[in-house]
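Visitor: I have a protein model to look at and some questions about it. Could you guide me through it?

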Amino acid sequence: MAIWNQLSFQDSMNFLMHDLSKFHDEILFYMVMIMVLVFYVYLQMLLNKKMDVHVIDSHGLEFFWTFVPCLILLMVAYPSLKLLYVTEDSYLWPNVTVKVIGRQWYWSYEYSNFDGVSFDSYMVPTEDLSEGEFRLLEVDNRVVMPVSVLVRLLVTASDVIHSWTIPSLGVKADGIPGRLNQLNFMANNCGVFYGQCSELCGVNHSFMPIAVEVVSLDDFLGWVLNFE
């Protein structure tokens with residue numbers, strides 16, 4: 001989860017988020033280099049009052065400043081399209097399917113592979129928090145997922161647009177009334193991961209936290225068998 005004064009992304013908990021963070025760092029590097037180059041050229045133009053006719057009419061220089069941006073765009077486009085394809089993963093067959101329904105202002109979950117496993121998830125009020133729990137992030141019923149298992153989420157909403165987001169897992173999907181959005185993800189580490197609704201949905205938008213508890217496969221099956 002995020003910590004105080006954190007400027008970068010949260011720690012990656014699966015391969016998708018790791019690749020997204022790496023892609024972000026690469027794009028940031030290109031942006032900084034371009035900004036430094038443009039600032040240097042602009043500064044030289046301000047300080048130097050002389051004009052070089054060989055620079056103004058240079059075909060080689062025109063080819064350079066046309067070819068290099070095209071090359072940079074290709075270097076950005078390839079990993080971007082690759083990540084876009086990986087985030088879909090619609091060709092993979094998931095082992096667990098969970099339907100997520102956004103409501104004002106809580107979440108409902110239905111485990112499609114198991115009969116009778118469905119529940120609502122509300123934020124725990126500040127006065128009811130136990131020691132060590134996080135304000136505005138804890139919920140009364142966490143979403144339980146098995147580790148190293150492909151999970152499919154079907155996200156929708158019953159009233160207004162919501163957005164189901166877990167930053168450390170690299171997943172984000174809008175819940176739109178009358179529409180079903182799909183995303184796949186796999187958690188590579190056990191633990192509890194937090195998120196919040198990322199679409200302005202009303203007065204209590206800030207009080208729609210998401211808590212995903214990733215456990216071993218045996219613990220997950222035990223949770224399903226003992227679910228009430």
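Visitor: Is serine 21 buried or exposed?

Guide: This is a predicted model. Serine 21 sits in helix α1. A residue counts as buried under 20% relative accessible area. Serine 21 has a relative accessible area of 12%, so the answer is buried.

Visitor: Which residues is serine 21 in contact with, leaving aside its neighbours within four places in sequence?

Guide: Serine 21 belongs to helix α1. Set aside the neighbours within four places in sequence, and the contacts of serine 21 are Phe9 and Ser12.

Visitor: Where does serine 163 lie?

Guide: Look for the strand that covers residues 162-166. Serine 163 falls in that stretch, and the strand is β6.

Visitor: What joins the side chains of serine 163 and aspartate 174?

Guide: Start with lysine 172. Its side chain and that of serine 163 are joined by a polar contact of 3.2 Å. Aspartate 174 is also among the residues in contact with serine 163. Between the side chains of serine 163 and aspartate 174 there is a polar contact of 3.0 Å.

Visitor: How far apart do the C-alpha centres of domain 1 and domain 2 lie?

Guide: Domain 1 is made of 15-47 + 57-88, and domain 2 is 96-226. The distance between their C-alpha centres is 36 Å.

Visitor: How many residues from domain 1 does the contact with domain 2 take?

Guide: Both domains contribute to the contact. Domain 2 gives six residues, and domain 1 gives six.

Visitor: What area do domain 1 and domain 2 bury between them?

Guide: The size of an interface is often given as the accessible area lost when the parts come together. Here, 43% of the buried area is on carbon and sulfur atoms. The total buried between domain 1 and domain 2 is about 440 Å².

Visitor: Which element gives the most to the side of domain 1 that touches domain 2?

Guide: Two or more residues come from each of α1 (15-47) and α3 (59-88). With four residues, the one that gives the most is α1.

Methods:
Residues numbered from 1 in each chain as written. Predicted model: local features only at pLDDT ≥ 70, side-chain atom pairs only at ≥ 80, totals over all residues. Heavy atoms only, no water. Polar contact = N/O pair within 3.5 Å; in protein donor to acceptor, adjacent residues only side chain to side chain. Contact = heavy atoms within 4.5 Å. Domains from an automatic or database assignment. Buried area = accessible area lost by both parts, 1.4 Å probe. Buried < 20%, exposed > 50% of the residue type's maximum accessible area, 1.4 Å probe, protein only.
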